[in-house]
Amino acid sequence: MKILSDVQILEELRELPGWQVASKHLCKDFQFNDFIEAFGFMTKVALLAESMGHHPNWYNVYNAVQIKLSTHEAGGLTEKDFLLAKKIEHLLKN
């Protein structure tokens, strides 16, 4: 899988409000009403990520979830990261 150029990354970010790039990761922080809602979201993301064979780095405290995506075997950001981020955003809309 090919690492995206800076120009390609900026183009992809236009479709993902709230997401940013930090330390070669595509990142976003999410806030929910409570732990159950946050954990439910994480469960949906886990099933989605498993189906794609692409697993996030993430951190959860009570109602907050931080997600960091990177294609480790490629050593940076690829289309796979942005596809998963778009699918995560889609989960929030449904």
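Me: Which residues form one aromatic cluster?

Reply: Trp19, Phe30, Phe32 and Phe41 do. The model is predicted, so local features need pLDDT of at least 70, side-chain atom pairs count only at pLDDT 80 or more, and totals for chains, interfaces and linings use all residues. Residues are numbered from 1 along each chain as its sequence is written, and side-chain values use heavy atoms, without hydrogens and water.

Me: Why is the pair of tryptophan 19 and phenylalanine 30 called edge-to-face?

Reply: Their ring centres are 5.9 Å apart and their planes stand at 75 degrees, so the pair is edge-to-face. Tryptophan 19 lies in the loop between helix H1 (6-13) and E1, and phenylalanine 30 in strand E2, so the pair ties together parts eleven residues apart in sequence. Helices (H or I, at least four residues) and strands (E, at least two) are DSSP runs, numbered from the N terminus.

Me: Why is the pair of phenylalanine 30 and phenylalanine 32 called stacked?

Reply: The planes are at 20 degrees and the centres 6.5 Å apart, so this pair is stacked.

Me: How do you know whether tryptophan 19, phenylalanine 30 and phenylalanine 32 are buried or exposed?

Reply: Buried means under 20% relative accessible area, exposed over 50%, partly exposed in between (1.4 Å probe, protein chains only). Tryptophan 19 has 6%, so it is buried. Phenylalanine 30, at 5%, is buried. Phenylalanine 32 has 11% and also counts as buried.

Me: Why is strand E2 called largely enclosed?

Reply: Five of the seven residues of E2 (residues 25-31) are buried, so the rest of the structure largely encloses this strand.

Me: How do you know which strands pair with E2?

Reply: Two strands pair if DSSP finds at least two bridges between them. Strand E1 (residues 20-22) has three bridges to E2, in the antiparallel sense. Strand E4 (residues 64-69) has six, also antiparallel. Glutamine 20 faces cysteine 27, and glutamine 31 has alanine 64 as its bridge partner.

Me: What makes serine 23 and lysine 24 stand out in phi?

Reply: Most residues other than glycine have a negative phi. Serine 23 has a positive phi of about 50 degrees, and lysine 24 a positive one near 60 degrees. Serine 23 is exposed at 66%, and lysine 24 is exposed at 59%.

Methods
Phe/Tyr/Trp six-rings, centres within 6.5 Å; stacked < 30°, edge-to-face > 60°.
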